[in-house]
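Below is what I looked up, in the order I got to it.

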Amino acid sequence: MEKSDIFLQRSITREDVDAELWDDISDAHLDLWRSTWVPMIDQTRRRLISAAVPRHKWPQDLHWNWGEKTDWSRPLLSLQRFAITCGGALQGLMLVNLTKLTSRLPSQKGKDLAYIEFVSTAPWNRPEISGVQQFQGIGINMVRAAIELSRNEGFHGRIGLHSLGQAARFYSDTCGMSALGPDRHYDDLDYFEMTPAQADAFCHPA
Amino acid sequence: MEKMWTGSIIHVYLSHDTINTMAEKRTMTLNLTDAEMAALEDLAAKKDLNKTVVIRQALRLYQMVDQRLREGKKVFIEDEMTKSKSELMLL
């Protein structure tokens with residue numbers, strides 16, 4: 001397993017903090033997910049139930065089981081896992097599929113892309129769960145990792161994903177991806193793609 | 001009379017470690033007939049990929065389909081216009 005040095009930003013002070021991007025999800029990462037993320041997620045679920053918050057207003061990834069996703073994907077060549085750690089804590093997880101979809105954008109139609117199946121940020125980085133945000137930059141680093149994977153695999157930086165409603169603006173505004181609208185084959189989730197040119201612009205902003 | 005093989009040879013770089021993106025690659029020599037090489041070159045051109053990547057993608061897809069079938073799932077190809085489905089059978 002390889003790691004790359006990256007930076008996250010501490011939300012309160014805006015200072016850069018050293019972090020690590022791992023090109024797999026290890027058993028140690030899963031232990032951290034179970035011992036640190038799951039209790040906070042369970043607490044959030046109980047709070048939402050007791051407050052009678054309708055389910056469609058819950059954080060949409062509360063039920064994701066990263067243990068199952070990791071175990072299922074490990075033997076498969078199509079699936080690549082990533083983790084981000086900082087200060088010994090698990091900050092983010094991602095699963096990318098290299099064979100799920102080909103590009104739908106007219107200029108790229110039918111060409112291969114790296115499809116982000118799932119990406120999650122630690123509960124303490126999500127104000128809607130913990131009320132605070134310790135670190136920023138997990139999503140941006142994960143998108144960058146997917147672009148690098150796409151380039152390494154010969155896909156020229158093309159990536160795609162279906163966005164949960166709560167994250168759609170991040171992919172369009174922050175990442176500069178093309179919005180292709182709701183996908184009726186995928187629970188009407190908004191579908192986004194990044195072209196090679198958009199990937200270059202994202203990685204090397206003017 | 002012994003028939004001469006008239007196909008093509010390409011070198012394919014396959015990952016030594018299936019998990020690691022940056023994994024060390026191993027080289028194998030792949031002998032293809034002219035028709036197979038033509039199909040490979042056609043796919044590479046259409047998909048904007050090099051030939052090694054096409055073969056690696058084919059291996060990933062084949063493994064994924066095989067896994068789904070072994071899980072008891074079915075793989076269908078749907079006609080976008082008519083919505084008719086045909087099951088992909090791998091024996």
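I started with Asp187(A), which is exposed, with a relative accessible area of 72%. My cut-offs are under 20% relative accessible area for buried, over 50% for exposed and partly exposed in between, using a 1.4 Å probe and protein chains only. Asp187(A) sits in the loop between strand 8 and strand 9 of chain A. Its phi is positive, about 55°, although Asp187(A) is not a glycine.

A note on ground rules: this is a predicted model, where local features need pLDDT of at least 70 and side-chain atom pairs count only at pLDDT 80 or more, while totals for chains, interfaces and linings use all residues. Residues are numbered from 1 along each chain as its sequence is written, chains are lettered from A and ligands numbered from 1 in the order written, and side-chain values use heavy atoms, without hydrogens and water.

Next I looked up Ala52(A). Phi of Ala52(A) is near 55°, again a positive value in a residue other than glycine. Ala52(A) is in the loop between helix 1 (27-50) and helix 2 (66-73) of chain A. Buried or exposed? Ala52(A) counts as exposed, at 62% relative accessibility.

Then I stepped back to chain A as a whole. I find six helices and nine strands in chain A; these are DSSP runs numbered from the N terminus, with helices being H or I of at least four residues and strands E of at least two. The radius of gyration of chain A is 17 Å, close to the 17 Å that the globule rule gives for 206 residues, so chain A is as compact as a globular protein of that length. That radius is taken over C-alpha atoms, and the rule is 2.2 Å times the number of residues to the power 0.38. Buried residues make up 51% of the 206 in chain A.

Which residues of helix 6 (residues 196-203) of chain A are buried? I listed Pro196(A), Gln198(A), Ala199(A), Phe202(A) and Cys203(A). Seen down the helix axis, they fall within an arc of 160°, so they line one face of helix 6; the arc is that of the directions from the axis to the C-beta atoms. These buried residues pack against helix 4 (138-152), helix 5 (168-174), strand 8 (178-183) and strand 9 (189-194) of chain A.

Last, I checked Val53(B), in helix 2 (residues 51-70) of chain B. Val53(B) is buried, at 7% relative accessible area. Leaving aside neighbours within four places in sequence, Val53(B) is in contact (heavy atoms within 4.5 Å) with Glu153(A), Gly154(A) and Phe155(A).
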